[in-house]
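Colleague: Hi! I'm new to this one, could you walk me through a few spots?
Modeller: Happy to, let's bring it up.

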Amino acid sequence: MNHLEPASQSRQQQIFTVTRLNSAVRMILEQDLGLVWLTGELSNLAMPSSGHWYFSLKDMSAQVRCAMFKGNNRRVPFRPQDGMQVLVQARVSLYEPRGDYQLIIESMQPAGDGMLALRFEELKRRLGAEGLFDEGRKRPLPREPRAVGLVTSATGAALHDMLTVLERRAPDLPVFIYPTQVQGSAATAQIVSAIMLANRRAEVDVLIVGRGGGSLEDLWCFNEEAVARAIAGSAIPVVSAVGHEVDVTISDFAADLRAPTPSAAAELVAPDRRTRAQRLVHLRQRLTQAMSRHQVAARHGFVLLQKRLDHQDPKRRLEQQSQRLDELDRRLQQHLRDRLHQGERRLAGLTMRLQARSPEKLLAIGKRRHQLAEERLHALIAKRQDLARHRLAMLGARLDGISPLATLGRGYAIVRTPSGEVIRRASQVNAGQTLITTLAEGALRVRVDEVHQP
């Protein structure tokens, strides 16, 4: 019995409720996977009145349900539609009420430039995991190089800038140029070949690999894995000098040293006759690296704190409850529609049965309708007659109101010439002229003694 009791207790401790199991699985998914990037096609997009978005993200072989709450979708700069290819950043989670695996979308952008950024982050992560970017494998630059090699375009402004700086700082320093394309599909292979050529010849102590500024696509050849491995595998220390100070490429991480610009790279490799200035450059480099490490550590600590906060943040429960409310509202609407359709079908069936089994009632209803229609007809005829009488009386009154006889009855008169012309102005009459004046009763023949003009 003593051997069986621990086993029984162990089995009892592993009994989960469904709610507890779903909650535990959600926490595992959100804690272990964190934020992920993925791309796919939008489908089944729904935008309820709550402001949240629900949709599926799919590719040729699979799909996954997604939810993007209104606090995040307000920052989406475009209107998503079914069939659109997008790049999203999401938290892997579980919708506990249904036990459905889903993604909580944090950000969304059209596929395109976002794919390049995704490829950049993926290659950076993979090569970093291999140790290709480790600080321990990076070599210091020679203090007094015998010669400097430049892997860049023979016609670019970057070459001119570097040669100008090298001539100013170390005019007697030999410079070897390994010309190559620095943009386009053929650039990757040419850059790799130039680095390998410099290593075979072994005629320089340090290499500067780079070009001037440009867009992400223009600089993409320096984000290719082949270029990164060629730089990391070079026996000659390499300085990466791609674009401007804000431009960061995979080559920068693989190189022994990153320079913010080609001109700055030339300053770093050229021996300075002023020892103090050289010391300042070295201290600046160490400070930059220390700040970078400190930022990475601080960023890592922030991510850990953010994860802990996410598990305790009531916003997560509010999102779950909001999604649950949308689900219950949809189910309630569907249930009401189903019950209404069932009632309509049942009523129609009962009506058909009643009509088939009760002809006397139908006859009585028909007689009643006929009687009502006859009564309405008589009432309508009487009403129309009353309206016609009332209208005739009104028209008679209006006719009396505008009749000239009514005007004459109020004391007015109509003055005409013997030929019948109506007199309206004094200028129509001359002194001594005879006029006919019509009154309400009778007429007068008058002679004009005087005419007064207005």
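Colleague: Is threonine 249 buried or exposed?
Modeller: Threonine 249 is buried, with a relative accessible area of 1%. Keep in mind that this is a predicted model.

Colleague: And where is threonine 249 found?
Modeller: Threonine 249 sits in the loop between β9 (238-242) and α8.

Colleague: Which residues is threonine 249 in contact with, leaving aside its neighbours within four places in sequence?
Modeller: With those neighbours set aside, threonine 249 has contacts with Phe120, Phe222, Asn223, Ser240 and Val242.

Colleague: Nice. Switching to rings: how many aromatic pairs does the count come to?
Modeller: The count comes to 1 aromatic pair. Phenylalanine 133 and phenylalanine 253 form that pair, and the pair is tilted: the centres are 5.5 Å apart, with 35° between the planes.

Colleague: Why does the pair tie together parts that are apart in sequence?
Modeller: Phenylalanine 133 lies in the loop between α4 (113-129) and β6 (148-152), while phenylalanine 253 belongs to helix α8 (residues 250-254), so the pair links parts that are 120 residues apart in sequence.

Colleague: What about phenylalanine 133, buried or exposed?
Modeller: Phenylalanine 133 counts as buried because its relative accessibility is 13%, under the 20% cut-off. Phenylalanine 253, on the other hand, is partly exposed, with a relative accessible area of 25%.

Colleague: OK, helices next. At what angle do α5 and α9 pack?
Modeller: Helix α5 (residues 157-169) and helix α9 (residues 262-269) pack at an angle of about 30°, and their axes are 8 Å apart. Angles under 35 degrees count as roughly parallel, and α5 and α9 are therefore roughly parallel to each other. The crossing of α5 past α9 is right-handed.

Colleague: Which residues in α5 meet α9?
Modeller: On the α5 side they are Ala158, Asp161, Met162, Val165, Leu166, Arg168 and Arg169. In α9 they meet Pro262, Ser263, Ala266, Glu267 and Val269.

Colleague: How do the residues of that contact of α5 with α9 divide?
Modeller: The residues there divide into 7 nonpolar, 1 polar and 4 charged.

Colleague: Last topic, valine 18. Where is valine 18 found?
Modeller: Valine 18 is in helix α2 (residues 18-33). Valine 18 is exposed, with a relative accessible area of 64%.

Colleague: How many Å apart in space are valine 18 and glutamate 96?
Modeller: From C-alpha to C-alpha, valine 18 and glutamate 96 are 9.0 Å apart in space, and they are 78 residues apart in sequence.

Colleague: Great, thanks for the tour!

Methods: Residues numbered from 1 in each chain as written. Predicted model: local features only at pLDDT ≥ 70, side-chain atom pairs only at ≥ 80, totals over all residues. Heavy atoms only, no water. Phe/Tyr/Trp six-rings, centres within 6.5 Å; stacked < 30°, edge-to-face > 60°. Helix = DSSP H or I, 4+ residues; strand = E, 2+ residues; numbered from the N terminus. Buried < 20%, exposed > 50% of the residue type's maximum accessible area, 1.4 Å probe, protein only. Axes fitted to C-alpha atoms, helices over the stretch in contact; angles between N-to-C directions. Parallel < 35°, antiparallel > 145°, perpendicular 65-115°, else oblique. Left-handed = near helix turned anticlockwise from the far one by under 90°. Contact = heavy atoms within 4.5 Å. Nonpolar A, V, L, I, M, F, W, Y, C, P; charged D, E, K, R; others polar.
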